[in-house]
Amino acid sequence: NVAVIGRVSTGKSTLINALIGEKISKTGIGRTTTSVNLVARLALFSRDITVVNEEMTTASATAARAAPASAATNTTAANKRQPWPCINVFDIPGDDEMFNYLNLDGALSVLGTMHVIVILFNDRLDTVLPYIQLAKAMGKTVILVQTQIDNLDDEEKKTWQEEVEEDLSHVTKVLGEGVLDKEESVVFGVSARNVLKMVAKPGEVVDVYQWHAFTTRLRHTAIRLVEQFALANSRLTCDVFLLHAAEDHSAASAIAGALTQHRFTVFPLERAPGRGSAGAAITGGV
């Protein structure tokens, strides 16, 4: 479960739309998200995306955490086909004041069911320091993203990295050494708006800045958490995994490597051309 949080008008919904590849979440100036929404499920090992876009209650979010492959609140057509492992992406309402944010009905409880919290800001990093403190106090993995980089002028872009390093140093001092690990001590500067432009007009060349680095980090973080879940789950007593590589062979290799280190036997599967999952065949001469 991945929550996208930040103050009002930092581009949370736009970033989620860019992740999905189409405009699902409502965007605009000011408050456009007023409830916690499970927007979509992104399959980790393929390009499958299940659009859900439903309001989540504390109870349903808890159900999603307990059984991420099941429909948490209903059995609509959108929820019947669940890619697993997958990233459940939640759009969380923002606010201009942190205390107001904490008082949003059920928002804090829902954050408790998240595994990764993507924290957005469009000014300086210290503006979201309370969000970082909250996330780490709850034991969550954080990914820091500065949005709307395309709004910076040329001079601001030249000094951007310098300012980020300065802000990270300040945040580390406030939080204490070691609270943010090495991977979390990185800020990704992105333009989700330009990503959507690129999707709308595939031939158009636009600068998405560090978008690909951000999505790679999100994906790898999810894979790491899936590994930890799989290896810690007491119900996993099998000796052999049949790993469906789907389209993302690098991600499948990462999982296979982790499982092999823990003495599991892993056979990769490849989908036969033009056939569904039932047409998968074990490779490697087995």
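This is a predicted model: local features need pLDDT of at least 70, side-chain atom pairs count only at pLDDT 80 or more; totals for chains, interfaces and linings use all residues.
Let us turn to helix H1. How many of its 9 residues are buried? The number is 8, so that H1 is mostly covered. Leu15 is one of these buried residues, and others include Ile16, Ala18, Leu19 and Ile20. The buried set also includes Lys12, Ser13 and Asn17. Directly after the helix comes Gly21, with a positive phi near 95 degrees.

Gln148 is not a glycine, and yet its phi is positive, about 60 degrees. This residue is found in the loop between S6 and H7. Gln148 counts as partly exposed because its relative accessibility is 25%. Tyr209, again not a glycine, has a positive phi of about 60 degrees, and its place is the loop between H8 and H9. With a relative accessible area of 26%, Tyr209 is partly exposed.

I now come to the charged side chains. In general, side chains of opposite charge can pair when their charged atoms come close. In this model the count comes to 5 salt bridges, and I shall describe some of them.

Arg124 meets Glu166 in a salt bridge, at 3.8 Å from N to O. Why does this pair tie together separate parts of the chain? Arg124 lies in the loop between S5 and helix H6 (129–137), whereas Glu166 lies in helix H7, so the parts that are joined stand 42 residues apart in sequence. Arg124 also forms a salt bridge with Asp167, at 2.8 Å from N to O. Asp167 is likewise in helix H7, so this pair ties together parts that are 43 residues apart in sequence.

Glu166 is exposed, because its relative accessible area is 52%. Arg124, at 27%, counts as partly exposed, while Asp167, at 11%, counts as buried.

Helix H7 holds another pair. Glu155 forms a salt bridge with Lys158, and their closest N and O atoms are 3.4 Å apart. The two are 3 residues apart in helix H7, which means that about one helical turn separates them. Both Glu155 and Lys158 are exposed. As for shared partners, salt bridges join Arg124, Glu166 and Asp167 into one network.

Finally, where does negative charge gather on the surface? A patch is formed there by Asp153, Asp154, Glu156, Glu162 and Glu163. Of these, Glu163 lies in helix H7, which spans residues 154–175. Glu163 counts as partly exposed because its relative accessibility is 31%.

Note on methods: Residues are numbered from 1 along each chain as its sequence is written. Side-chain values use heavy atoms; hydrogens and water are left out. Patches are made of residues with over 30% relative accessible area and no salt bridge: like charges are joined within 9 Å, nonpolar side chains (Val, Leu, Ile, Met, Phe, Trp, Tyr) within 5 Å. Accessible areas come from the Shrake-Rupley method with a 1.4 Å probe; for residues, only the protein chains shown count as cover. A salt bridge is a side-chain nitrogen of Lys or Arg within 4 Å of a carboxyl oxygen of Asp or Glu. Lys and Arg count as positive and Asp and Glu as negative; His and the chain ends are not counted. The place of a charge is taken as NZ of Lys, CZ of Arg, CG of Asp or CD of Glu. Helices (H or I, at least four residues) and strands (E, at least two) are DSSP runs, numbered from the N terminus. Buried means under 20% relative accessible area, exposed over 50%, partly exposed in between (1.4 Å probe, protein chains only).
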